[in-house]
Amino acid sequence: ILRASVYGNVAIMFPMISTVEEVRSAKLLLERAKKELSAEKTAYNKEIQVGVMIETPAAAMISDELAKKVDFFSIGTNDLTQYTLAVDRQNPKLDTFFDAHHPAVLKMIKMVVDNAHRAGIWAGICGELGADTSLTQKFLEMGVDELSVSPGRILPIRKIIRDTDVSEL
(Lines give C-alpha, C1' and ligand atoms only; values in the text may rest on other atoms or scores of the structure.)
Protein backbone atom coordinates (compact mmCIF):
# COMPACT_ATOMS: atom_id res chain seq x y z
CA ILE A 1 0.00 0.00 0.00
CA LEU A 2 2.79 2.42 0.85
CA ARG A 3 4.56 1.75 -2.45
CA ALA A 4 1.30 2.36 -4.34
CA SER A 5 0.73 5.62 -2.46
CA VAL A 6 3.13 7.55 -4.74
CA TYR A 7 0.87 6.83 -7.73
CA GLY A 8 -2.39 8.26 -6.45
CA ASN A 9 -4.74 9.04 -3.63
CA VAL A 10 -4.33 6.10 -1.26
CA ALA A 11 -5.22 5.76 2.41
CA ILE A 12 -4.82 2.94 4.89
CA MET A 13 -7.75 1.74 6.95
CA PHE A 14 -7.54 -0.75 9.80
CA PRO A 15 -10.59 -3.04 10.03
CA MET A 16 -12.40 -4.56 13.01
CA ILE A 17 -10.82 -2.27 15.59
CA SER A 18 -12.15 -2.57 19.13
CA THR A 19 -9.36 -1.02 21.25
CA VAL A 20 -6.99 1.93 21.13
CA GLU A 21 -4.13 -0.51 21.66
CA GLU A 22 -4.97 -2.24 18.36
CA VAL A 23 -4.61 1.09 16.59
CA ARG A 24 -1.28 1.76 18.32
CA SER A 25 0.00 -1.69 17.37
CA ALA A 26 -1.12 -1.36 13.75
CA LYS A 27 0.46 2.08 13.48
CA LEU A 28 3.74 0.72 14.87
CA LEU A 29 3.73 -1.91 12.13
CA LEU A 30 3.03 0.80 9.58
CA GLU A 31 5.93 2.89 10.91
CA ARG A 32 8.20 -0.16 10.65
CA ALA A 33 7.18 -0.60 7.01
CA LYS A 34 7.86 3.11 6.35
CA LYS A 35 11.33 2.80 7.87
CA GLU A 36 12.09 -0.24 5.73
CA LEU A 37 11.02 1.60 2.58
CA SER A 38 13.04 4.66 3.57
CA ALA A 39 16.10 2.49 4.17
CA GLU A 40 15.61 0.99 0.68
CA LYS A 41 15.16 4.51 -0.73
CA THR A 42 11.75 3.45 -2.02
CA ALA A 43 9.34 6.32 -2.51
CA TYR A 44 6.01 6.47 -0.67
CA ASN A 45 3.62 9.12 0.54
CA LYS A 46 4.95 10.05 3.96
CA GLU A 47 1.67 11.85 4.75
CA ILE A 48 -0.60 8.92 3.92
CA GLN A 49 -3.87 9.09 5.80
CA VAL A 50 -4.64 6.35 8.31
CA GLY A 51 -8.14 5.52 9.47
CA VAL A 52 -10.18 2.86 11.16
CA MET A 53 -13.36 1.03 10.36
CA ILE A 54 -15.94 1.54 13.06
CA GLU A 55 -17.66 -1.84 12.83
CA THR A 56 -18.08 -2.90 16.43
CA PRO A 57 -20.10 -1.38 19.25
CA ALA A 58 -16.84 -1.25 21.22
CA ALA A 59 -15.22 0.96 18.58
CA ALA A 60 -18.29 3.19 18.42
CA MET A 61 -18.33 3.61 22.18
CA ILE A 62 -14.63 4.61 22.33
CA SER A 63 -14.69 6.57 19.08
CA ASP A 64 -13.78 9.72 21.00
CA GLU A 65 -10.47 8.08 21.98
CA LEU A 66 -9.90 6.45 18.58
CA ALA A 67 -10.46 9.76 16.80
CA LYS A 68 -7.35 11.17 18.48
CA LYS A 69 -5.22 8.45 16.87
CA VAL A 70 -6.35 8.50 13.22
CA ASP A 71 -7.16 10.77 10.28
CA PHE A 72 -10.64 9.43 9.49
CA PHE A 73 -13.39 6.96 10.32
CA SER A 74 -15.33 4.73 7.97
CA ILE A 75 -18.44 3.39 9.67
CA GLY A 76 -19.05 -0.18 8.50
CA THR A 77 -22.80 -0.26 8.87
CA ASN A 78 -23.33 -3.91 7.95
CA ASP A 79 -21.13 -5.24 10.74
CA LEU A 80 -22.06 -2.47 13.17
CA THR A 81 -25.73 -3.38 12.77
CA GLN A 82 -25.06 -7.09 13.11
CA TYR A 83 -23.00 -6.74 16.27
CA THR A 84 -25.16 -4.05 17.85
CA LEU A 85 -28.33 -6.08 17.43
CA ALA A 86 -26.65 -9.46 18.04
CA VAL A 87 -28.18 -10.81 14.83
CA ASP A 88 -26.33 -13.02 12.35
CA ARG A 89 -27.06 -11.35 9.01
CA GLN A 90 -26.03 -14.54 7.19
CA ASN A 91 -28.92 -16.46 8.76
CA PRO A 92 -32.09 -15.89 6.68
CA LYS A 93 -34.25 -17.04 9.61
CA LEU A 94 -33.17 -13.92 11.48
CA ASP A 95 -33.81 -11.42 8.68
CA THR A 96 -36.76 -9.87 10.49
CA PHE A 97 -34.48 -8.97 13.41
CA PHE A 98 -31.76 -7.36 11.28
CA ASP A 99 -32.86 -3.72 11.22
CA ALA A 100 -30.21 -1.28 10.04
CA HIS A 101 -32.67 1.54 10.82
CA HIS A 102 -32.80 0.53 14.49
CA PRO A 103 -32.50 3.60 16.73
CA ALA A 104 -29.47 2.12 18.52
CA VAL A 105 -27.56 1.79 15.24
CA LEU A 106 -28.45 5.32 14.16
CA LYS A 107 -27.51 6.75 17.58
CA MET A 108 -24.12 5.02 17.37
CA ILE A 109 -23.53 6.45 13.91
CA LYS A 110 -24.39 9.95 15.14
CA MET A 111 -22.10 9.54 18.16
CA VAL A 112 -19.21 8.40 15.96
CA VAL A 113 -19.69 11.30 13.53
CA ASP A 114 -19.83 13.80 16.41
CA ASN A 115 -16.70 12.35 18.02
CA ALA A 116 -14.87 12.44 14.69
CA HIS A 117 -15.75 16.08 14.11
CA ARG A 118 -14.78 17.08 17.66
CA ALA A 119 -11.35 15.61 16.93
CA GLY A 120 -11.12 17.36 13.57
CA ILE A 121 -11.36 14.25 11.40
CA TRP A 122 -13.97 13.16 8.85
CA ALA A 123 -16.38 10.24 9.09
CA GLY A 124 -17.94 8.31 6.24
CA ILE A 125 -20.53 5.60 5.88
CA CYS A 126 -19.77 2.37 4.13
CA GLY A 127 -22.00 -0.63 3.80
CA GLU A 128 -25.60 -1.04 2.72
CA LEU A 129 -26.82 2.03 4.59
CA GLY A 130 -24.64 4.34 2.49
CA ALA A 131 -26.86 3.57 -0.50
CA ASP A 132 -30.13 3.63 1.46
CA THR A 133 -31.89 6.69 0.03
CA SER A 134 -34.36 6.68 2.91
CA LEU A 135 -31.45 7.62 5.20
CA THR A 136 -29.49 10.01 2.98
CA GLN A 137 -31.21 13.09 4.43
CA LYS A 138 -30.68 11.78 7.98
CA PHE A 139 -26.98 11.23 7.29
CA LEU A 140 -26.67 14.79 6.00
CA GLU A 141 -28.36 16.03 9.18
CA MET A 142 -25.93 13.95 11.26
CA GLY A 143 -23.00 15.58 9.47
CA VAL A 144 -21.73 12.46 7.72
CA ASP A 145 -18.92 13.59 5.42
CA GLU A 146 -18.90 10.79 2.87
CA LEU A 147 -21.13 8.00 1.59
CA SER A 148 -19.45 5.02 -0.02
CA VAL A 149 -21.84 3.47 -2.53
CA SER A 150 -21.72 1.25 -5.58
CA PRO A 151 -21.67 3.08 -8.94
CA GLY A 152 -25.32 2.24 -9.65
CA ARG A 153 -26.46 4.09 -6.52
CA ILE A 154 -24.55 7.33 -7.11
CA LEU A 155 -27.20 9.18 -9.14
CA PRO A 156 -30.14 8.67 -6.73
CA ILE A 157 -27.95 9.64 -3.76
CA ARG A 158 -26.51 12.65 -5.61
CA LYS A 159 -30.02 13.88 -6.43
CA ILE A 160 -31.04 13.81 -2.76
CA ILE A 161 -27.87 15.62 -1.75
CA ARG A 162 -28.29 18.28 -4.44
CA ASP A 163 -31.94 18.78 -3.52
CA THR A 164 -31.08 19.30 0.15
CA ASP A 165 -30.56 22.83 1.42
CA VAL A 166 -27.56 22.20 3.66
CA SER A 167 -27.89 25.68 5.16
CA GLU A 168 -31.03 24.44 6.91
CA LEU A 169 -29.25 21.47 8.49
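Author: Start with pairing: two strands pair if DSSP finds at least two bridges between them. Strands (E, at least two residues) and helices (H or I, at least four) are DSSP runs, numbered from the N terminus. This is a predicted model: local features need pLDDT of at least 70, side-chain atom pairs count only at pLDDT 80 or more, and totals for chains, interfaces and linings use all residues. Residues are numbered from 1 along each chain as its sequence is written, and side-chain values use heavy atoms, with hydrogens and water left out.

The part to look at is the sheet. Its five strands run in the order β1-β2-β3-β4-β5. The sheet is open, and the pairing is parallel. Find the edges next. They are β1 (11–14) and β5 (146–147). Each edge strand pairs on one side only.

Now place the sheet in the chain. The chain holds seven helices and five strands. Read from the N terminus, its elements go β-α-β-α-α-β-α-α-β-α-β-α. The C-alpha trace spans about 55 × 35 × 30 Å along its principal axes. Contacts show how the chain folds back on itself. Contact means heavy atoms within 4.5 Å. Take the contacts between residues at least 6 apart in sequence: 60% of them join residues at least 24 apart.

Strands β1 and β2 pair in the parallel sense, over four bridges. Ile12 stands opposite Val50 in β2. Strand β1 has two faces. Ile12 and Phe14 form the covered face. Ala11 and Met13 form the uncovered one.

Gly124 stands opposite Glu146 in β5.

Rings of Phe, Tyr and Trp (its six-membered ring) pair if their centres lie within 6.5 Å; planes under 30 degrees apart count as stacked, over 60 as edge-to-face and the rest as tilted. A search of the whole structure finds one aromatic pair. Its partners are Phe72 and Trp122. The pair is stacked, with 4.8 Å centre to centre and 5° between the planes. Phe72 belongs to strand β3 and Trp122 to strand β4, 50 residues apart, and the pair links these distant parts of the chain.

How exposed are the two rings' residues? Buried means under 20% relative accessible area, exposed over 50% and partly exposed in between (1.4 Å probe, protein chains only). Phe72 counts as buried because its relative accessible area is 4%. Trp122 has 27%, so it is partly exposed. Across the chain, buried residues make up 37% of the 169 residues.

Helix α4 covers residues 77–85. Its buried residues are Thr77, Asp79, Leu80, Thr81, Gln82 and Leu85. Their cover includes three strands and helices you can trace: among them are β2 (49–54), β3 (72–76) and β4 (122–126). Helices α2 (57–61) and α5 (103–118) also belong to that cover.

Follow the chain out of strand β2. Glu55 sits in the loop between β2 and α2. Leaving aside neighbours within four places in sequence, Glu55 touches Pro15, Met16, Gly76, Asp79, Leu80 and Tyr83. Asp79 and Leu80 are among the buried residues of α4.

Met16 lies in the loop between β1 and α1 (20–39). Its phi is positive, about 50°, although Met16 is not a glycine. Its relative accessible area is 36%, so Met16 is partly exposed.

Ala86 follows α4. Ala86 is found in the loop between α4 and α5. Its phi is also positive, about 55°, and Ala86 is not a glycine. Ala86 counts as exposed because its relative accessibility is 72%.

Leu94 is in the loop between α4 and α5. With neighbours within four places in sequence left aside, Leu94 is in contact with Val87 and Asp88. Its relative accessibility is 27%, so Leu94 counts as partly exposed.
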